Structures are given as structure tokens and as C-alpha cells.
Amino acid sequence: MRTRLTGLLLAGIATASLAVAGSYAQSPRPMEARQSTTSAAAPKQKPASKKSTTKQPAAQPADKLSRTEFTQAEDAAARLPGMPTDARFWGDSVADFQRALPTEPGAWLILSTGGEEGAYGAGFLNGWAATGTRPPFSVITGVSTGALMATYTFAGGKYDEELHQVYTTISATDIFEVASTPESLSDNWPLGKTIEKRVTSEMLAAVAAEHQKGRRLFVLTTNLDAGRPTVWNMGAIAAQGGDAALKLFRQVLLAAASIEGMFPPVYITVEANGRQFQEMHGDGGATGPLYFGPEAYLSPASPLRFPATGLYAIFNGKLTNEFYLPSRNTAGILGRSIGIALKAGGRLQLALAGLAAQKASIPFEVTYVDDGFAQVGRGLFDPKYMNALYEYGLTQGRSETRFRKGPPAATPASPTASTGASGDTVPK
């Protein structure tokens, strides 16, 4: 049995499509087994120095790891050099969130974390599009691998085939290197290169065009200095145009998929009070595997109502708990813990979102990988496994019964349980 990392990251493209890192944490395979996979799936290694064939430790002098200090007040006032003021906002701020929303209501699409499990969402979205019934969502939000998926979906139907390719042809070598850094257990420089290749100026222009129609693309990172979620208004960044906008767009997607502790954080330059400094950003999944909006919108006691005509959520992976023995190493234990937390957080967020949608009198539809999908991968980001998951999602997306009304119970079905009409397990 296989548990996927649902990765805090990977957001997308890891976003970029990356859907990648998430599985790093969720895979039950021991680290040593991961390193012994075939060359097609083996993590990439940096070219050796001409002076030595032995890779040197990544340790750096303390002064190389220091950065300009800044205060909470300065961070709150920080702006992105050369970018519009609406390029980002605090994800927990109701006022900021409301200002960023479209003026016209429409359906919202919420895409979760999941790493390699993003192949399910990619297949589902393309299968749904093939039926001609997939809405032109007014708001799309993406966390971790969901960030990359969100970018392709937002950019328009002409990117559906590229979305397919991204989630069925990449392997571990396109995502990370098994080599610790002063800030992480492994290095995701290959993911950065993958994002550069996939996120082009043409894609930026497509995102900008959709933004100018009034639609919104929101990607999540976690500001590790402030301890708060940051929402990046990717359409506003794309509409700025130019090399600086493309660089920032790629940076955000990489940060969105940089699982804290597993991958190095991404440092984004901002300015306040006449000086520049760098904020530390990591995977948006640290604050939750999905983003519906500020927590106040999910609170049963809140008077706030979702200003949407419907909520559609795709959880990339299974939501039920799976049994396996974690490896006795840091990566194995940390990855297992992240996977457990993301599933629990996903079930809770989906349950609360269902109640919030009911309160707002709008449809709420959910899809996730069913326990009946039993394909097992060979190593991380195994193309064969991801292709099988994509095809499974494609079939689900084409089905007239593609959605469920809420998350399943935490414990999977047992021989003494049956499946109810909603797809959830119920005692016999």
C-alpha cells in the first residue's frame, strides 16, 4: 500500500508543475530505497566540479546564511519593487481578500496540495473539459502542486494538453536532488529549472489576458517570517509584463512547492521605509492543503458568505488514513507526519467548506482519489504510476457522477462496512 505525500508543495509547478515535492514526504518507501531506483526516476545530481569528482558538503559560512533584519511593521508595509500593489495580500485578511475578488460572481475552483498525486487533478480537469461542461471559473486557487495546475487551467483550454504532459512525463530527476543544504534535507534546484522551462512569456501573456477579463488566479505561499499565508494575485503580476514579472511569477511557483524542511525556502525581495530586504517563503500547504479564503469564511459562526455561484474542490490524493511503517530516518518520519497532517486538514477544511456553501445556498462539489485506486508506483514521480493516476482522473472527470458532496470518513472501508450513496463509508 502506498501513501502519497500530498505534498506541501509542489505547488504547482511545483507549480510549474510541478507537482513534485509533495510525494517526497508522503511516500512510504525508505530513503535508501528511493535512491536505488532506476536512472529515469533517480533524483538529479549537480554536475561535479572540474577540480574534484567528489561532491563537497553544502555547508556554508554563517555570514552566508545571514540576511538583513527587519521588523513586523516593516514586513506589513513591504511592497514588491516594480509590481502593482495588488500583486499579493495576506491570505488571512478578509478585507484584502474581498478587495482582490472579481466584481462579478462566478464558480470557484479550489486545488489542493499533492505532489505527484497532482496527476489525478490534471486528468480530472481534462476529462471534465472534454464533456464541455467545465465552467470558466471566476476564481481559481492553488496550493503546492495545485498552484501549477491552477496556472494551466486559468490560462485556458489550449493548455490542457500541456497540463497532461506535465503530469505524465516528469520524473524525480526533474524535481529534486538528494543532497542536503543548510536549510533542507534535499535540494530542489531541478524544479526551478523545470519551472523556467514550463512557465514561458507566452503563458504569462495568457494568464494576463484572463486576468483582464475579470478572472482571478490565487497561488499560496507561507511567509515564514510572519507565520502567515500569502496569496499571490498571479494575474496582476502577469499583467505587469516584462522580465521582472516573469521572474517573480516563477519564484512564486517555486516557493509554493518548496516543502519546508524538505526543500530550501525561496527568498523574495521587497522594500519598505526606503530599504530592501528578503522575505522567506515556503510551501503554502503549511497553513492548509486547500485555500477557500480567510478562515472567517469557513467559521460556522461567521456572518460572511462566499460570494461565489458554486465551489468545486479537487483534493489530489486519498483522504482516508493508510497504514504503513515509516522508515527510521528524518525524511521518513517528517514525510509521514506531513502526510497525516495534510489529510486531516483536508478533511476538516472540506467539511467546513461544505457547511459554508450550505449557508451561502450555493453548490459544493468535491472529488478525490478513491480507495479503490490501488496502483503502486516504483519510486517518486514514477511516470508509469502518474500516467495511471492521470487516466483514472480522466475517467472520473468524464463521468456524470464525477463529484461527491463531502470528504470521506478518516478510516477507510473495512469488510464490515458498505459504501453509501455519497461515496462515504457507513457501518452495516
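**Pockets, salt bridges and rings**

Me: Starting with the second largest pocket, which helix gives the largest share of its lining?
Reply: Helix α13, residues 330-360, contributes four residues to that lining, the largest share. Keep in mind that this is a predicted model.

Me: Good to know. How many residues line the second largest pocket, and which lie nearest its centre?
Reply: The lining has 22 residues, and Thr287, Gly293, Glu295, Leu298 and Gln349 lie nearest the centre. The pocket holds about 340 Å³ of space.

Me: And what classes of residue make up the lining of that second pocket?
Reply: Twelve are nonpolar, eight are polar and two are charged.

Me: OK, over to the largest pocket. How much space lies in it?
Reply: About 470 Å³. Its lining counts 21 residues, with Thr85, Asp86, Arg88, Phe89 and Asp96 nearest the centre.

Me: What's the split by class in the lining of the largest pocket?
Reply: You get nine nonpolar, four polar and eight charged residues there.

Me: Which helices and strands supply at least two residues of the lining of the largest pocket?
Reply: On the helix side, α4 (72-77) and α5 (94-100) do, and on the strand side β1 (88-90), β4 (216-223) and β5 (228-233) do.

Me: You listed Arg88 near the centre of the largest pocket. What does Arg88 form a salt bridge with?
Reply: Its partner is Glu279, and the closest N and O atoms of the two are 2.6 Å apart. That pair ties together distant parts of the chain, since Arg88 is in strand β1 and Glu279 is in strand β7 (residues 275-283), 191 residues apart.

Me: Are Arg88 and Glu279 buried or exposed?
Reply: Buried, both of them. As a general point, side chains of opposite charge can pair when their charged atoms come close.

Me: How many salt bridges does the count come to?
Reply: Twelve salt bridges. Another one joins Arg134 and Asp160, with the closest N and O atoms 3.5 Å apart. Here too distant parts of the chain are linked: Arg134 is in the loop between α6 (118-130) and β3 (139-143), while Asp160 belongs to helix α8 (residues 160-169), 26 residues away.

Me: Why does Arg134 count as buried?
Reply: Because its relative accessibility is 17%, and buried means under 20%. Asp160 is buried as well, with a relative accessible area of 14%.

Me: Which residues are linked in a network of salt bridges?
Reply: Glu210, Lys213 and Arg215 are linked that way.

Me: New topic: how many aromatic pairs does the count come to?
Reply: 24 aromatic pairs. One of them is Phe70 with Phe277: the ring centres are 4.2 Å apart and the planes are at 20°, so the pair is stacked. Phe70 is in the loop between α3 (62-65) and α4, and Phe277 is in strand β7, 207 residues apart. Phe277 counts as buried, at 2% relative accessibility.

Me: Why is the pair of Tyr312 and Phe403 tilted?
Reply: Because the planes of the two rings are at 55°, with centres 5.5 Å apart; a stacked pair would need planes under 30 degrees apart, and an edge-to-face pair over 60. Tyr312 is in strand β8, and Phe403 is in the loop between α14 (383-398) and β10 (417-419), 91 residues apart. Tyr312 is buried at 17% relative accessibility, and Phe403 is buried with a relative accessible area of 17%.

Me: Last one: which residues do ring pairs link into a cluster?
Reply: Phe89, Phe97, Trp108, Phe218, Tyr291, Phe292, Tyr297, Phe306 and Phe364.

Terms used
Residues numbered from 1 in each chain as written. Predicted model: local features only at pLDDT ≥ 70, side-chain atom pairs only at ≥ 80, totals over all residues. Heavy atoms only, no water. 1 Å grid on protein atoms, 1.4 Å probe; cavity = no way out; pocket = protein on both sides within 12 Å on 5 of 7 lines; lining within 4 Å. Points joined across faces, edges and corners; volume = space filled by probe spheres on them. Nonpolar A, V, L, I, M, F, W, Y, C, P; charged D, E, K, R; others polar. Salt bridge = Lys/Arg side-chain N within 4 Å of Asp/Glu carboxyl O. Buried < 20%, exposed > 50% of the residue type's maximum accessible area, 1.4 Å probe, protein only. Phe/Tyr/Trp six-rings, centres within 6.5 Å; stacked < 30°, edge-to-face > 60°.
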